[in-house]
Amino acid sequence: MTRTGLVVTVGALLLVAACAKPVPGGSPSSGPPSTGSGVAGRTMVDGGCPMVRQGTPCPDKPLSARITVTRVGDPAPLATVTSDSDGWFRIPLAPGRYRLTPANLTGALHPAAGPQDVDVQPDRYTTVTVSFDSGIR
Amino acid sequence: MHPTSPPRSSRTRRACRALVVGALLLAGVGVLTPPAEAQTSHTGPSINATAPTGEQLTAQVYDHPRYYTAEQLDALNEELFDDEDVNLGHPGKPPRHGALGPSVSAPDSVGTLATTVLRDSTIPASGISGGSTYASYTQEPSTDANGANIFQTGNWYATRSTDGGATWSYLDPFTMFGSGFCCDQVTQYDPDTGRQFWLLQFSDHLVLANASASGTGAFTNWCYWNITPGWFGLASGTGLDYNDMTIGNSYVYVSTNFFPSGGGSGSALARLPKKEMAACAGFNYGYLTRTDSFTFKLVPGSTDTLYWGSNWGQTNGSSFRVYAWPESSGSYSYWDRTVASYTFFTRNSGQNCASTDGVVTNWCQYADSRVLGAYRAAGVLGFSFNAKQDGSHPFPYSRIVWFNESDKSYIGAGDVWATWGAIQFLSLAPNSSGRVGGAYAWGGGTGGTHYYPGSAVYSTGAGTIENNSNFYLWGDGNTCTYNGLYRWGDYLTTRTYKANPSTWLATGWAIKGGNCGSSGAYAQPHNVQFSG
């Protein structure tokens with residue numbers, strides 16, 4: 001097995017561990033899990049409004065999306081999760097610094113979002129909002 | 001949870017199982033290494049369609065602002081700013097031209113030609129439909145002219161001058177072509193037909209209009225078509241946004257991004273016969289769509305072949321796709337080229353155009369790296385776009401990439417950049433001497449120096465970078481936010497001035513009278529003619 005394959009295997013096993021761990025449902029408004037550490041949050045996309053004249057509200061909308069977790073500086077994936085239809089996700093992770101790389105589920109060029117680095121502290125879930133750009137201007 | 005969805009735990013288990021199996025399969029084969037990029041051309045067919053005769057109207061032209069009562073103005077201002085958070089910041093030092101000096105550095109040759117502003121017309125509030133409250137801090141301005149007859153569009157106005165920019169009177173895009181007008185206007189003059197073409201974006205379609213650009217009645221008798229998503233073979237309800245237009249020997253070309261209601265995105269292009277359009281007649285046209293490119297930048301200076309390009313869709317930050325569609329052909333070709341790498345950025349992804357002390361706010365926060373400018377000159381195809389600050393560029397800057405027109409081979413790249421601030425939204429156009437004119441937005445500052453966003457014009461040789469910027473318009477204040485992010489742009493326009501094709505026309509603006517949103521502040525549009 002190649003070194004890359006080994007890394008991916010380790011990633012897969014980590015994923016098994018992550019998936020085997022119960023992930024509480026519900027929204028973050030109910031709070032992150034009371035134990036453990038990781039990242040919790042929501043994937044959102046802008047309302048898709050161009051430069052409209054009227055002050056019509058154009059709030060962000062939830063978007064189900066894929067998030068790949070790596071350590072900062074190491075491209076080997078540790079976990080990949082898909083947020084639910086309301087955009088919520090939780091990823092159990094050991095304390096450390098991680099990079100979240102978001103992607104839409106269709107493989108289209110948009111909505112698009114850039115990577116986001118997060119710090120995970122012991123016994124805490126770091127809360128993040130991952131903002132996708134519809135591409136509309 | 002959706003009522004028909006399986007229980008969450010079941011779904012989670014299945015999803016995890018799929019992920020793990022996928023990951024183990026990947027481990028078995030190792031991570032695939034993509035093959036080296038094949039720099040060959042590809043071809044694709046366009047599709048033919050038919051359009052009906054155009055609708056005709058005579059525009060009302062106004063030489064004074066639309067009248068509102070005090071109550072109506074209050075309501076409009078409340079609407080305009082109710083989702084904008086204004087950071088008033090602190091007033092900076094009065095900017096001095098001398099402070100800039102050679103700050104726009106060039107990585108290669110520095111020329112001796114100066115970019116000279118021959119005319120700088122300020123468009124007053126009275127020349128904008130609705131007056132100053134209709135001048136957006138995100139202007140998206142466009143222009144072109146037939147001699148002294150000048151037409152300019154922007155958010156949210158259209159305005160004309162028949163005296164070389166001395167006076168301006170407005171046309172109301174909110175009412176001329178029906179309801180739903182939004183933004184993203186583009187206009188260009190075609191000397192062959194004597195018509196001014198005008199592209200506007202509405203909530204569920206585009207409008208393409210044209211009118212005579214001659215005489216005192218210039219830009220008043222319009223013929224127009226509603227371009228729905230169906231014109232591009234797209235489903236009703238597909239969003240069309242962010243448009244471009246250029247005119248070749250026989251056709252008017254219109255590009256737009258599209259967003260299907262079910263998600264995703266792509267770019268579309270239509271080729272429309274200009275003589276039939278000028279006569280307000282029905283016509284056959286061709287179009288194409290692609291979902292592997294985002295934002296088609298059409299190349300000014302295209303004649304018997306339309307060129308266009310996109311830097312979004314392959315390897316963002318190190319690739320560029322050049323397209324070509326001969327006017328005599330029913331198919332087009334494209335070439336994927338590797339270009340010098342740069343830091344591609346998306347909205348709010350760490351780009352920072354603010355002054356180092358934060359007094360000038362991060363005015364490019366809403367911007368991204370889509371292609372903004374292009375030209376064809378002296379056998380070179382050039383394309384410009386925003387790039388993010390990096391170890392060599394302390395502020396976001398504008399990158400230009402060059403290709404040989406003959407074989408679309410990559411020539412190289414150059415940067416319009418500065419140590420003192422950001423240079424963004426560079427638009428380009430060729431002149432009759434094979435030189436290139438441009439317009440860009442600039443701002444930032446280091447130490448105690450503050451440059452609120454303003455507008456500059458620029459000139460250079462084809463395929464080179466020269467240090468020839470003219471900072472003709474200085475800002476007095478910061479821009480507003482849009483959905484919580486500072487916004488400028490989303491584009492500028494440079495045109496070959498057909499009455500004197502060795503010179504150019506350009507649009508620009510700056511916020512005068514204080515920070516955006518403060519009493520008396522006005523996003524003041526300008527229309528300039530320049531040489532270089």
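Author: **Around Ile423(B)**

Not counting residues up to four places away in sequence, Ile423(B) touches Tyr397(B), Ser398(B), Val416(B), Trp417(B), Ala418(B), Tyr440(B) and Trp442(B). Touching here is a contact: the C-beta atoms of the two residues, placed from the backbone, lie within 7 Å.

Before we go on, a word on what you are looking at. This is a predicted model, in which local features need pLDDT of at least 70 and side-chain atom pairs count only at pLDDT 80 or more, while totals for chains, interfaces and linings use all residues. Residues are numbered from 1 along each chain as its sequence is written, and chains are lettered from A and ligands numbered from 1 in the order in which they are written.

Back to our residue. Ile423(B) and Tyr440(B) are among the residues with the most contacts inside the largest nonpolar core, which has 147 residues. A nonpolar core is a set of buried Ala, Val, Leu, Ile, Met, Phe, Trp, Tyr and Cys residues joined through C-beta atoms within 7 Å. Buried means that 20 or more other C-beta atoms lie within 10 Å of a residue's own, with C-beta atoms placed from the backbone. In soluble globular proteins, nonpolar side chains tend to be buried together. There is also a second, separate core of 25 residues, including Leu78(A) and Val81(A).

Now for the strands, which are DSSP runs of E with at least two residues, numbered from the N terminus. In chain B, an open sheet of four strands runs in the order S26-S27-S28-S29, with antiparallel pairing. Strands S26 (421–430) and S29 (469–473) of chain B are its edges, each pairing on one side only. Two strands pair if DSSP finds at least two bridges between them. Strand S27 (residues 435–444) and strand S28 (residues 451–461) of chain B are joined by nine bridges in the antiparallel sense. Strands of a sheet pair through backbone hydrogen bonds, either parallel or antiparallel.

Finally, how far can you trust the picture? pLDDT is the predictor's confidence in each residue, from 0 to 100. Its mean over chain B is 86, and 83% of the residues of chain B reach 70 or more. Over residues 1–39 of chain B, though, the pLDDT is below 50. Where pLDDT is low, the predicted coordinates should not be read in detail. For the complex, the predictor gives an ipTM of 0.80 and a pTM of 0.83.

Definitions and conventions: Buried ≥ 20, exposed ≤ 12 C-beta atoms within 10 Å, placed from the backbone.
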